[in-house]
Amino acid sequence: MAAKAPRRTPLVVVGDALLDRDLTGSADRLAPDAPVPVVSECAERIRPGGAALAAYLAARDGREVTLVAGVGDDPAGRALRELLEPWLNLVPLPLTGTVPEKTRVLAQDRPVVRLDRGGGRVREATDEARDALRSARAVLVSDYGRGAADSLRDVLAARPPLVWDPHPRGGPPVPGTRLVTPAEKEARGFAPSEAHPGGGLRAAALHAAALVRDWRVPAVTVTLGSRGALLSYGEHPLLVPAPAAHHGDSCGAGDRFAATAAGLLADGALVGEAVEGAVSAATAFVAAGGAAAVPPAGSDRALAALPDTDDPGALAARIRAEHGTVVAAGGCFDLLHAGHVGLLQAARRLGDCLVVCVNSDASVRRRKGGGRPVNPLADRVRVLRALACVDAVAVFDEDTPERLLGDLRPDVWVKGGDYAGADLPEATLLQEWGGQAVLLPYLDGRSSTALLARAAEGAR
């Protein structure tokens, strides 16, 4: 039967909400009165910004989200409410002034200038906000320095959040916060001046270690843009490289990183796992166009980079309804190795979602014999779901996945190149609904059986 992922843990986001606006046009001449480009035929688009973007992204991931942020009744505040309220529960904090607005003018999709207005700051906390935090199962703080986190610092200190995303104008995280996520420049600004005067990876490591001590938090991860992120627990940092280098619009990537990390930690991931998932999500976010490519509030389509994995059948049905391509791949995946990962990454590039069909423990035993699987089903499913290229996992108990494929009806069925055509009984089945079975190249010498044989030989 199809495996259903556990329900995602609800998330409370506390921070400073902004209204972001992009004016996008083209520029092919300079103004006659000044050496500045003339941007013409501008199209306008508004979206949530700051903590509101982090909350919006988490909600679009399929998570129940409550946003505690300063939002007034000014025009920007009303526009922000319209964007957010279909997706999440908003607990507004009273503002002194108006909701901050950031307007970017872009020519050929490249920023030319940014205009800021609205200096609203949170005036005070409310009982509703305090109650929302006290009852929260997981909290993300996105502190842009406009008073939301400060107004609730006493409640946050009593129950430290999972993730604190700091910004230069904000204060330090409360001690005990599980993970703090400054960008490289922010970490340099927060760290003591004697930590390291320069830049580069060495400086980032020293800054992160100093902040772990100064902030009295278990872990700090410094985001490094296209280089990935550096995770420090105080010494011997872990570098998590980005899966690919993209040089597109990085606006909002930090919010995508923080929202993903908080969600994964809330669902039980280890800190290292959460950082790896957040790096992959932020990389995919930039590759897709950054904040400018976030689906509008009226769109029902989830972000392509992070589709809903709760129900593989529902995911496949949704992709088909949107005229997308459903890809499925199958196997035991007992000891996940480079061959598996390469195959799954290539399979994901063939369509709009990838469902991995994995053998149950009983099915593996029938195929591989006693002593297999080495890793039980729950572990194998968890590892597969942690891969950024995998959108959903389904489990079958039979010797072959034909019944499951009949339910999913994928457009493409993928197997590794070590199979011959005669070994693919699913190929005929795929033809019934116009699907196609394909073989993809497989890395030579990589298999779970070979790994186990080498391990046994080494033990002797």
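Analyst: Happy to! The protein chain has 16 helices and 20 strands. Keep in mind that this is a predicted model.

User: How much of the chain counts as buried?

Analyst: Of its 460 residues, 52% count as buried. As for contacts in the chain with a separation of 6 or more, 65% of them come from residues 24 or more positions apart.

User: Let's look at a helix. Which residues of α2 are buried?

Analyst: Helix α2 covers residues 75-84, and its buried residues are Ala76, Gly77, Ala79, Leu80, Leu83 and Leu84. Seen down the axis of α2, they fall within an arc of 160°, so they line one face of the helix.

User: And what's exposed on the other side of α2?

Analyst: Pro75 and Glu82 are exposed there.

User: What do the buried residues of α2 pack against?

Analyst: Their partners are β2, β3, α1 (51-60), β4 (65-70) and β7 (101-107).

User: Now α3. Which residues are buried in that helix?

Analyst: In α3, residues 127-134, the buried ones are Ala129, Ala132 and Leu133. Down the axis of α3 they fall within an arc of 95°, so these residues too line one face of their helix. Asp127 and Arg134 are exposed, on the face turned away from the buried side of α3.

User: What does that buried side of α3 pack against?

Analyst: The buried residues of α3 pack against β1 (11-15), β4, β5 (89-93), β10 (139-143) and α5 (153-158).

User: Changing topic: what is the volume of the second largest pocket?

Analyst: That pocket has a volume of about 1100 Å³. It is lined by 43 residues, and the closest to its centre are Ala183, Glu186, Ser250, Gly252 and Gly254.

User: Which elements supply at least two residues of its lining?

Analyst: Among the strands, β2 (17-26), β3 (40-50), β8 (110-117) and β11 (163-166) do. The helices α6 (184-190), α8 (253-266) and α9 (271-287) each do as well.

User: And by class, what is the lining of the second largest pocket made of?

Analyst: The lining has 17 nonpolar, 15 polar and 11 charged residues.

User: I clicked on Thr223. Where is that residue, and what does it touch?

Analyst: Thr223 is in strand β13, residues 220-223. With a relative accessible area of 17%, Thr223 falls under the 20% cut-off, so it counts as buried. Not counting residues up to four places away in sequence, Thr223 touches Pro182, Ala183, Glu184, Gly228, Ala229 and Phe257.

User: What about Ala262, buried or exposed?

Analyst: Buried, with a relative accessible area of 0%. Ala262 is in helix α8, and that helix also supplies residues to the lining of the second largest pocket. Leaving aside neighbours within four places in sequence, Ala262 is in contact with Leu11, Leu140, Leu162 and Val163. Ala262 and Val13 are 249 residues apart along the chain, yet their C-alpha atoms are separated by 9.5 Å.

User: Nice. Which residues is Val381 in contact with?

Analyst: Beyond the neighbours within four places in sequence, Val381 is in contact with Val358, Val393 and Val395. Val381 is in helix α13, residues 377-385, and is buried at 7% relative accessible area. From Val381 to Val356 it is 25 residues in sequence and 9.2 Å in space, C-alpha to C-alpha.

User: How many disulfides are there?

Analyst: The count comes to 0 disulfides. While we're on cysteines, Cys332 is buried at 9% relative accessible area, and Cys389 also counts as buried, at 11%.

User: Last one: what is phi for His236 and Phe333?

Analyst: Phi is near 45° for His236, a positive value in a residue other than glycine. For Phe333 phi is near 50°, again positive in a residue other than glycine. His236 is in the loop between β14 (229-232) and β15 (238-240), while Phe333 is in the loop between β16 (326-331) and α11 (338-348).

User: Are those two buried or exposed?

Analyst: His236 counts as exposed, at 69% relative accessibility, whereas Phe333 is buried, with a relative accessible area of 5%.

Definitions and conventions
Residues are numbered from 1 along each chain as its sequence is written. This is a predicted model: local features need pLDDT of at least 70, side-chain atom pairs count only at pLDDT 80 or more; totals for chains, interfaces and linings use all residues. Side-chain values use heavy atoms; hydrogens and water are left out. On a 1 Å grid over the protein atoms alone, a cavity is a set of points where a 1.4 Å probe fits but cannot get out, and a pocket is an open set with protein on both sides within 12 Å along at least five of seven lines; lining residues have an atom within 4 Å of a point. Grid points are joined across faces, edges and corners, and a volume is the space filled by probe spheres set on the points. Helices (H or I, at least four residues) and strands (E, at least two) are DSSP runs, numbered from the N terminus. Ala, Val, Leu, Ile, Met, Phe, Trp, Tyr, Cys and Pro count as nonpolar, Asp, Glu, Lys and Arg as charged, and the others, Gly among them, as polar. A disulfide is a pair of cysteine sulfur atoms within 2.5 Å. Buried means under 20% relative accessible area, exposed over 50%, partly exposed in between (1.4 Å probe, protein chains only). The arc is that of the directions from the helix axis to the C-beta atoms. Contact means heavy atoms within 4.5 Å.
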